[in-house]
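Okay, thanks for coming, everyone.

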Amino acid sequence: MKRNLMMANAIDVMNTNLVTAHPGEPVALVCRTMTECNVGAVLLVENESLVGIFTERDLLNNVIAPGLNPKSVSVGSVATANPKVVKPTQSITECVKILREQGFRHLPVVEEGKPVGIITTQDFLHFTPDENEQVGDAFKRSQQTDEEGFDPYEYLGSGGVGLPRC
């Protein structure tokens, strides 16, 4: 895994241990799987293609709040259909921008319509200490060489990494 977040792509941070479900499965069964696998999202796959994503937010907003029975409602009917996706080669900067601007916590990674990974906001936490050290080192170098106008946000690339706001 690359340790330089500025140069990383989706493939460098994505989780490839995917938890998937068929859209016809009952929500209760999918939620049990989410609990057992300790994940906040399940990719819905049909004929090997990504057709949706079911997240904790979908459970709360589309099942619990309207009072639906999770044992009888299919996950595909309450999940987010055709979710925003990225390719493995997309830059981390692009991925973070999507997560931040769209308010997502999960971003599927696909190749030719097939899911190959998922990026979560937590995946970026693995890089945070190294990135902070890189900025600190660059700042120290700029002070030693009297470099004018050092901007740590510019160093991080277009406003830094940041995680989506709640």
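Before we get to the sheet, one convention: two strands count as paired if DSSP finds at least two bridges between them. With that in hand, what you see here is a predicted model, and in it 4 strands make an open sheet, ordered 1-2-3-4, with mixed pairing. The edges are strand 1, residues 20-21, and strand 4, residues 80-81, and each of those pairs on one side only.

Let me zoom out for a second. Overall we have 6 helices and 6 strands, and reading from the N terminus the order is α-β-α-β-β-α-β-α-β-β-α-α. Of the 166 residues, 39% are buried. The exposed surface comes to about 9,900 Å², with carbon and sulfur atoms supplying 49% of that. And if you take contacts with a separation of 6 or more, 59% of them are between residues 24 or more positions apart.

How far do we trust it? The average pLDDT is 81, and 72% of the residues score at least 70. The stretch to watch is residues 150-166, where pLDDT is below 50; beyond near neighbours in sequence, that stretch still has 31 contacts in the model.

Strand 3, residues 49-55, pairs with strand 4 in the antiparallel sense, over 2 bridges. If you want a residue to look for, find Ile53, which sits opposite Thr80 of strand 4. Helix 3, residues 56-64, packs on the sheet here and touches both strand 3 and strand 4, with its direction at about 70° to that of strand 3. Then there's helix 2, residues 27-37, lying across strand 1, strand 2 (41-46) and strand 3, and running at about 80° to strand 3.

While we're on strand 3, have a look at Thr55, which belongs to that strand. Is Thr55 buried or exposed? Its relative accessible area is 12%, and the cut-off for buried is under 20%, so Thr55 counts as buried. And what does Thr55 touch? Leaving out residues up to four places away in sequence, the list is Met34, Gly40, Ala41 and His106.

Next up is helix 4, residues 92-102. Its buried residues include Ile92, Cys95, Val96, Ile98 and Leu99. They span an arc of only 155° around the axis, so they end up on the same side of helix 4. What do they pack against? The buried residues of helix 4 meet helix 1 (10-13), strand 5 (106-111) and strand 6 (114-120). Just past the end of helix 4 comes Gly103, with a positive phi of about 75°.

That leaves the last pair of strands.

Key. Residues are numbered from 1 along each chain as its sequence is written. This is a predicted model: local features need pLDDT of at least 70, side-chain atom pairs count only at pLDDT 80 or more; totals for chains, interfaces and linings use all residues. Side-chain values use heavy atoms; hydrogens and water are left out. pLDDT is the predictor's confidence in each residue, from 0 to 100. Contact means heavy atoms within 4.5 Å. Axes are lines fitted to C-alpha atoms, for helices over the stretch in contact, and angles run from 0 to 180 degrees between N-to-C directions. Buried means under 20% relative accessible area, exposed over 50%, partly exposed in between (1.4 Å probe, protein chains only). Accessible areas come from the Shrake-Rupley method with a 1.4 Å probe; for residues, only the protein chains shown count as cover. The arc is that of the directions from the helix axis to the C-beta atoms.
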